[in-house]
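Subject: Structure handover and notes

Hello,

Here is the structure to look through. My notes follow below it, grouped by region.

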Amino acid sequence: MTIKGETFITNIHRLNDKGQGQAAVWRKNEKGNERKLRLTIPYTLVGEDVQVTVERPEKRRWKCKPDKIITPHSQRVEARCPHFELCGGCIWQHFSYEEQLETKTNYVKEMVRSEGFDDNLVAHTLGMDEPWFYRNKMEFTFATDGSLGLHEQGNFRRIIPLETCFLMHEEMKEAVLEIAHWVKNYEYSGYNKDTHEGIFRHVMVRRGFKTGEILLAIFATESPENIAYVDELVQIIETKYPSVKGLLWLENRDWADRAQAEAEHVLLGRDFIYDELMGYRYRLWFDTFFQPNPKQAENLVDYAMEFADVKETDTMIDLFCGVGTFSLPFAKRVKSLAGIEIVETSIESAKRNAKDNGIDNTYFLAKDARHGIDEVLEQFGTPDVLLLDPPRSGAGGKVMRRIGRAQPERVVYVSCNPASFAIDIKELSAFGYKLEKVQPVDQFPQTHHVELVALMSRE
């Protein structure tokens, strides 16, 4: 017989790599044998005693929310957002920002130590004076009834309707809510992921923090010509939100649940906005990858420059260069810079951004990292400095070993995943590189994510 609804009192002994509490209890099964039940309990902190009810304790692993916090952590605080514990946007509003930074520092140290490096090289995580309203881009999803919001934590089938959000600028929120109200007012349907029916799928909003310009993009399965009252929406946005420099309607009929476009309609203004970073101007389209926290992105660039310590005579490679976020500031300080990125549209943007900023000593190549390095080395020789900012999965062993064989004097690694970072840099140790320093930077307050900048020098 299956036992259901069994209650336990347990202690949180660690947080997993998703920032969720971990605990374990021993229980006797139906045969009288003791078995360990491993519990994942979100919204808890290390050291807390909690009460939980497990619906299916016969399973070895189970995820459940706490019924009660019996012994709260000294740094536990009241969450600011009414959607907390429902919305999957930010899951760390329940403890102080100082403790968040400490937890992130310890996590980076743990990852560095796990691969045999000295964790004393890890500095304290650089936080923000105001750890709210920092995101320059957000994406929201329509429920089947036309409500707009964010996915429930751990459940991509359920949408939490948006009332407020403390991660983005107030004007971004208001403009998004205007679209949501329009959809609900005319009782348009949201997209059903199971039946693949319905009209509205997503809304994306991005805002230039230096320029204040806003870009809105509506993703739908129909052309705007087939939908009534679109002109009314355009007039509302144009009248009430002068900061909106672009309103797009993007057709997406693909079954995959991604914010992508098969056809683009510019309903208002232009299809991009401008923003600035480190004094350089960038054009941002709806699908442009750009650092989502501009203030902390500038700190990342500052640390990268400090660690790289470039000279006017240096040559440099920027691997996974994107639209040139690091390329442009560095290009002004070195003899020449080659950027490599597999996404062709990003490379075109990088070229355009370099031209817009009067930079003419760059070479941008649309190719995967491994083969792109070979081509650049063949043309330009070994660089003095190599900077890489790979995706969360890391650069991978083949790319890191290719970097090691190239023998640049200094390697600056920018990472959004300390675990893959530590694995990657271990590959360089065999080629005579030494880890010099690691600086974590908190790009995403109220979440478990942490970025870092690290320097490895050739011994």
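Helices (H or I, at least four residues) and strands (E, at least two) are DSSP runs, numbered from the N terminus. By that rule T40 belongs to strand β4 (residues 34-41).

Before the rest, two remarks on how to read this. The model is predicted, so local features need pLDDT of at least 70 and side-chain atom pairs count only at pLDDT 80 or more, while totals for chains, interfaces and linings use all residues. Residues are numbered from 1 along each chain as its sequence is written, and side-chain values use heavy atoms, with hydrogens and water left out.

Two strands pair if DSSP finds at least two bridges between them. Strand β4 is part of an open sheet of 4 strands in the order β2-β3-β4-β6, with mixed pairing. The edges of that sheet are β2 (14-15) and β6 (61-63), each of which pairs on one side only. Strand β3 (residues 21-28) runs antiparallel to β4, and 8 bridges join them.

T40 itself counts as buried, at 17% relative accessibility. Buried means under 20% relative accessible area, exposed means over 50%, and partly exposed is in between (1.4 Å probe, protein chains only). The side chain of T40 makes a polar contact of 2.9 Å with the side chain of Q22. A polar contact is a pair of N or O atoms within 3.5 Å; within protein, one must be able to donate a hydrogen and the other to accept it, and residues adjacent in sequence count only if both atoms are side-chain atoms. Contact in general means heavy atoms within 4.5 Å. Not counting residues up to four places away in sequence, T40 touches N16, Q20, G21, Q22, W62, K63 and C64.

The β15-β16 hairpin

Strands β15 (residues 273-277) and β16 run antiparallel and are joined by 5 bridges. They form a hairpin with 2 residues between them, and M278 in the turn has a positive phi of about 60°. The bridge partner of E276 in β16 is R281. In a regular strand the side chains alternate between the two faces of the sheet. In β16 (residues 280-284), Y280, Y282 and L284 make up the covered face, while R281 and R283 make up the uncovered one.

The expected span of a helix is 1.5 Å times one less than its number of residues. Helix α6 (residues 344-356) has 13 residues and reaches 18 Å from its first C-alpha to its last, close to the 18 Å expected. Its buried residues are S346, I347, S349, A350, N353 and A354. They line one face of the helix, because they fall within an arc of 160° seen down the axis of α6; the arc is that of the directions from the helix axis to the C-beta atoms. What do the buried residues of α6 pack against? Their partners are β16, α5 (327-331), β18 and β19. The face turned away from the buried side carries the exposed residues E344, T345 and K355. After α6 comes G358, with a positive phi near 70°.

Helix α7 (residues 369-380) has 12 residues, which should span 16 Å, and its end C-alpha atoms are 16 Å apart. A369, G372, I373, V376 and L377 are buried in α7. These cover an arc of only 130° around the axis, so they sit on the same side of α7. What covers them includes β17 (315-319), β18 (336-341), β19 (362-366) and α8 (397-406). G381 follows α7 and has a positive phi, near 85°.

A buried proline

P224 lies in the loop between β12 (214-220) and α3 (230-240), and is buried with a relative accessible area of 9%. Leaving aside neighbours within four places in sequence, P224 is in contact with V230, W249, E251, H265 and L267. P224 and L267 are 43 residues apart along the chain, and their C-alpha atoms are separated by 8.9 Å.

Cysteines

A disulfide here is a pair of cysteine sulfur atoms within 2.5 Å. How many disulfides does a search of the whole structure find? It finds 0. For C165, the closest cysteine sulfur is in C81, 6.6 Å away, which is too far for a bond. C321 is in no disulfide either; the nearest cysteine sulfur, that of C416, is 16 Å away. C165 is buried at 8% relative accessible area, and C321 is buried at 5%.

Regards
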